[in-house]
Amino acid sequence: MSQSRVVAAVEIGTSKIAVLLGEIIGDTGLNIIGHCVKPSKGVKKGEITDLDKASDCVHAAILQAEVNAKTRVDEVYLSQTGRHLIGNFHVGSSNISSPDGIVRRADLDAAKEDAKRRSLPRDRTYIHHIQNPYTLDGRPVDNPLSKEGRQLQVGYWSVHGDSEAVSDSLRVIRGIDLDVSDMIISSIASGVVLLEESEKENGALVIDMGGGTTDYVLYRKGYIVKTGVVPVGGDHITNDLSIGLRVARKSAEEFKIKNGRAYYESEDRDAKVWLFGDLTIGDREYPLAAITKIIEARVSEVFDIIKEQLESAEVFEPSEIASGVVLTGGSSQLNGIDEAAQRRFGLDARVSEGPTDVAEELRVPEYSTTLGLLHYALTGQEENQQTHKPSGLLRRLTGLFN
Amino acid sequence: MNTTTDILFSQDTAQTDLKIKIIGIGGAGTNAVDGLKLDNLGDVRLAAINTDAQALNQSPISEKLVIGRSVTRGLGAGGEVEIGKAAAESDRDGIARLIGDVDLIIMVVGLGGGTGSAAAAVVAEVAAKTNALVLAFATLPFSFEGARRKRIAEESVGELRQLVHGLIPLPNDVLLQEGEEDTSVLNAFAVADRWIGRGVNSLCAMLLKTGLINQDFSSLRSVFQDRGGKTIFGTGTASGGDYVKDALEELFICPLLHLGDRPAQLDRILVNVIGGADLGIAKVNEIMTQVTKRFGSREDIVFGAVIDEGRSQSLELCILGKAEMDTFVLPDAADPVATKSKRAVSTGLGLETEISLDTRAPRPVHTSKLRKKLPDANQDEFTFVDNEDQRGYFDKTDRNDYNDEDLDVPTFMRRGIKIKIK
């Protein structure tokens, strides 16, 4: 029997729980053998607010996926999101130790350790250390080994989260006696499957706009240079519409889907749309302008926040983001969102059609994060040297439950 | 149904010896009181309190009190809460004299500045020592006025809520939605004054005017018997044409009442109707039916209807009540309590409301009925909300702070973008 394990990729989202089951054979083969999406409860803005409700939904989704696949899950890869995730860029350096100035493995390790040694307050936990290119005496080098120089530097984009929030999500999985093998932040998981290698090289900004959060990752020259979470998503658009139009949440949601557009245009001024459209009592006309203005304000604000964060990290160089903005997530289905992104960022923008190398039913935005999780389950985070997790992290966190 | 007619036509006059005092505090509060046009209401006395003597001099109000002369030399608090506080503290006696011996105190204050924010709490403290029922209308600053004013206002709201019987916060961001599309900021401040005017007017008319259905002071008292908790307030007015339908619609879309779908735990509310001589029983009945359908069971709603001789073909609806939000839980369709606890709904219209008002012992305001009823009616179409934080669905979650703004509050409101929904 060849070595095969069943990995469940689990995303505990604000509006839905997505589970993908992948059978990993040896080190190279991945079959997707089950999937399930269920509405989420007990999650707001990407964070678990009701552990019991969230657990029930997640457990039901995993069990359903197991039934579909007629197998049991061995381990779980879990995505992370929420405003508690914070990233920092740290540079580590080492002086080349050998007298001949040739870079050896030990110098690399020393530089990496230096970058990652920054300790966090007790209530924070590292989730990723994402490696950026080395520089040798200030010059970028892809592989500094065996090259000559005096000082080696390496940068890391490090993401850490609130220990309590992270362990809440682990608790949910622990609740059905499964172990979490690894955690990946949502933006990175989505990005890895939605972008071609060439797009990562050219530079691209992936924006995953979900129900409660908008997660983004910026690739430049093939490297992840920044990730972020804006705790605003489709739920906010619905809430804004509900408040602004003074209609029930359900009606607001319908307006958003049926009549919504991410930007306002002058033709909206005289257009009217019906609340129910079925000529029943209580049906009422609303100006389309009200709907599109409310949505435009919200969507452009989210994009502006992302742009602001990229600018303050000094990584927003349009020429270095040649592949533009790639949108995914449930809210990317909003009419005109690509146009709105294009206007705000001044970059080409498109809504992702999903990864091309999976079955059609999995190309929907619901699965992009979990597909990314399976990608990492297959390749491991170390393989492309871009992400790294200190060993013992999960042990430390899962240790909290005993 | 026939039995109700007698009561509807009862000519009991409201208490004429009821003493009401409306006190404007600080610059914005005084301005709002200056602008009050109290329609045919003789027995209401107006007063103003400010640190700025010059501003107060220009007010036409007869009873005025400059506080903190020793602190500010009559020059105002300059937006400093500490100065406003010291000024008010130094004149507690004067404030007590100004308040005097009344039954109902209506405080009007603009929060976010120095005098209003700080002195309101002191006035409320002094007022609390009297036997009077104390209600307060407080405007909250626009988002664009900055985070500092916002913070000051929020702190005052927290403080005042503990001191007065009913606090009605009026967020300017929300009120802005009401004016015409191109309302300037100056006009926007006037919009707030107009809302206060409507509220105060309706309240006084309800208590002082003879009605088709009288609401007396004791029914108001019973709704606001406890301090703390959150106050529900909304109005709708219309004239000409199908004014009943229009006023109802205005009330139902009142921005202070609908800020998302959050069901509040609601106790009794007062609904007051002010109409002209042409307001007949049939129209009142229609209003009652519609309002009841929309706002909950008949038992929880106390109706009042008064005739203002000066009006014709026009209607003003006002609702006022108390909700307890703190123990709020999202209603769950699977909740067994929800399906079991359907209570008998009374059938008599005016009669039932009169009885509930006259004979039933006041109930504590902290028990919910709306929540239990939610699932068995389409009540989720309309729910009450905490109107000062404007967060709707996200109310029970942590603030979503980014650059001093709460991202859970709709962007269009924070940016002052006006949304016309008609």
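Reply: Let's begin with terms: helices (H or I, at least four residues) and strands (E, at least two) are DSSP runs, numbered from the N terminus. Over residues 7-194 of chain A, that gives 28% helix and 43% strand, with the end C-alpha atoms 20 Å apart. This is a predicted model, where local features need pLDDT of at least 70, side-chain atom pairs count only at pLDDT 80 or more, and totals for chains, interfaces and linings use all residues. Residues are numbered from 1 along each chain as its sequence is written, and chains are lettered from A and ligands numbered from 1 in the order in which they are written.

Me: What makes 24 residues of chain A count as in contact with chain B?

Reply: Two residues are in contact if their C-beta atoms, placed from the backbone, lie within 7 Å. By that rule, 24 residues of chain A pair up with 23 of chain B. Helix H6 (234-245), strand E16 (285-287) and helix H8 (288-312) of chain A each supply at least two residues of that side of chain A.

Me: How do you know where the domains of chain B lie?

Reply: The bounds come from an automatic or database domain assignment. Chain B gets domain 1 (2-9 + 214-387) and domain 2 (20-208). Their contact takes 22 residues from domain 1 of chain B and 24 from domain 2 of chain B.
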